[in-house]
Amino acid sequence: MLMLTALIWGCAFVAQSVSMDYIGPFTFQCIRSLMGSAVLVPVFLLLDHHKKRSGSYTLPTKNDRKTLWSAGLVCGCIMTIAANLQQIGIQYTTAGKAGFITAMYILLVPVFGLFLHKKVAPRVWICVLISVVGLYLLSVTDGFSSIGKGDIYVLLCAVAFSFHIMAVDHYAPLVDGVRLSCIQFLICGVISGVLMFLRESPNLQSILNAAMPLCYSGIMSCGIAYTLQIIGQKYTRPAVASLLMSLESVFAVLAGIVILHEIPTSQETVGCILMFAAIILAQLPDKRIEN
């Protein structure tokens, strides 16, 4: 399930890239997020039904609902920033590069955790250094003199996703995970919709032309993949789960090669290898903890 989740998310970068041929980034995020939110409604209703049959369902209190909506608003606002930065960046870079640069949030989360007084293992600092070298090789243009515009946007997206991960980590133990995801997608869709009308000129024909990538991103990436992640993580250790889902970046490159014929250069390939090595090394379990 987690491998399939990584595959769906990796291929979503291709869908995001293709959609930019027809619609703007805010239009894409608005429709995709609202679609994802709608898909998750029957998911949490089905889970509620299962809990009721097993006798484990408890009616949420007024305070529970208030916490849920507060969490959804915070996470949704951060997601809006991250998702739209990513979508803007994808206009100027390849799907594979976007996948790898976005995956840097895995390394940034423990680094930003320092501000919350969380310890960072020395191994993580080594991984950050390796990833920076990999990012440079992956993103530099014009003879090692400048970094691509799209890569900068996606790097900022990785920073924003790091804060999103920390926000979800804070709220997840307090609220229902599927409902939280549903609400954050709703918030992201509504805010992106406002930006869509302010910054873009969407029309029905363009949206219909982008129907396939929109449906894939909304239904498969937001709805189905998220559900698979929840179910899969119940039966997998966290360290193993994170390793499996980090394959998203590899699948993004492979999907870009197969579907969009985006063949990476030798320099970009070395950058991908270094970044993936850093991501894997950062997530390897500590033997002292595992034992």
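A pocket, as the word is used here, is an open set of grid points with protein on both sides within 12 Å along at least five of seven lines, and its lining residues are those with an atom within 4 Å of a point. The model is a predicted one, and in it the second largest pocket is lined by 18 residues, among which P60, D64, L68, D176 and R179 lie nearest the centre. Two or more lining residues come from each of the helices α2 (25-54), α3 (62-90) and α8 (177-199), and α3 gives the most, with 4 residues. The space in this pocket comes to about 440 Å³, and its lining, sorted by class, holds 10 nonpolar, 2 polar and 6 charged residues.

One of the residues nearest the centre of that pocket, D176, also takes part in one of the 4 salt bridges found in a search of the whole structure. Its partner is K51, and the closest N and O atoms of the pair are 3.7 Å apart. Because D176 lies in the loop between α7 and α8 while K51 lies in helix α2, the pair ties together parts that are 125 residues apart in sequence. D176 is partly exposed, with a relative accessible area of 24%, and K51 also counts as partly exposed, at 31% relative accessibility.

The next stop is the largest nonpolar core, which has 21 residues, and in which F13, F100, L138 and M275 touch the most other members. Several helices each supply at least two residues of this core, including α1 (2-19), α6 (122-139) and α13 (266-283), while α4 gives the most, with 4 residues. Setting aside residues up to four places away in sequence, L138 touches K97, F100, I101, E268, G271, C272 and M275.

Salt bridges that share partners join K97, D151 and E268 into one network. Within it, K97 also forms a salt bridge with D151, where the closest N and O atoms are 3.4 Å apart; K97 lies in helix α4 and D151 in helix α7, so this pair ties together parts that are 54 residues apart in sequence. K97 counts as buried at 10% relative accessibility, D151 counts as buried at 3%, and E268 counts as buried at 18%.

Notes:
Residues numbered from 1 in each chain as written. Predicted model: local features only at pLDDT ≥ 70, side-chain atom pairs only at ≥ 80, totals over all residues. Heavy atoms only, no water. 1 Å grid on protein atoms, 1.4 Å probe; cavity = no way out; pocket = protein on both sides within 12 Å on 5 of 7 lines; lining within 4 Å. Points joined across faces, edges and corners; volume = space filled by probe spheres on them. Nonpolar A, V, L, I, M, F, W, Y, C, P; charged D, E, K, R; others polar. Core = buried A, V, L, I, M, F, W, Y, C linked by side-chain atoms within 4.5 Å. Buried < 20%, exposed > 50% of the residue type's maximum accessible area, 1.4 Å probe, protein only. Contact = heavy atoms within 4.5 Å. Salt bridge = Lys/Arg side-chain N within 4 Å of Asp/Glu carboxyl O.
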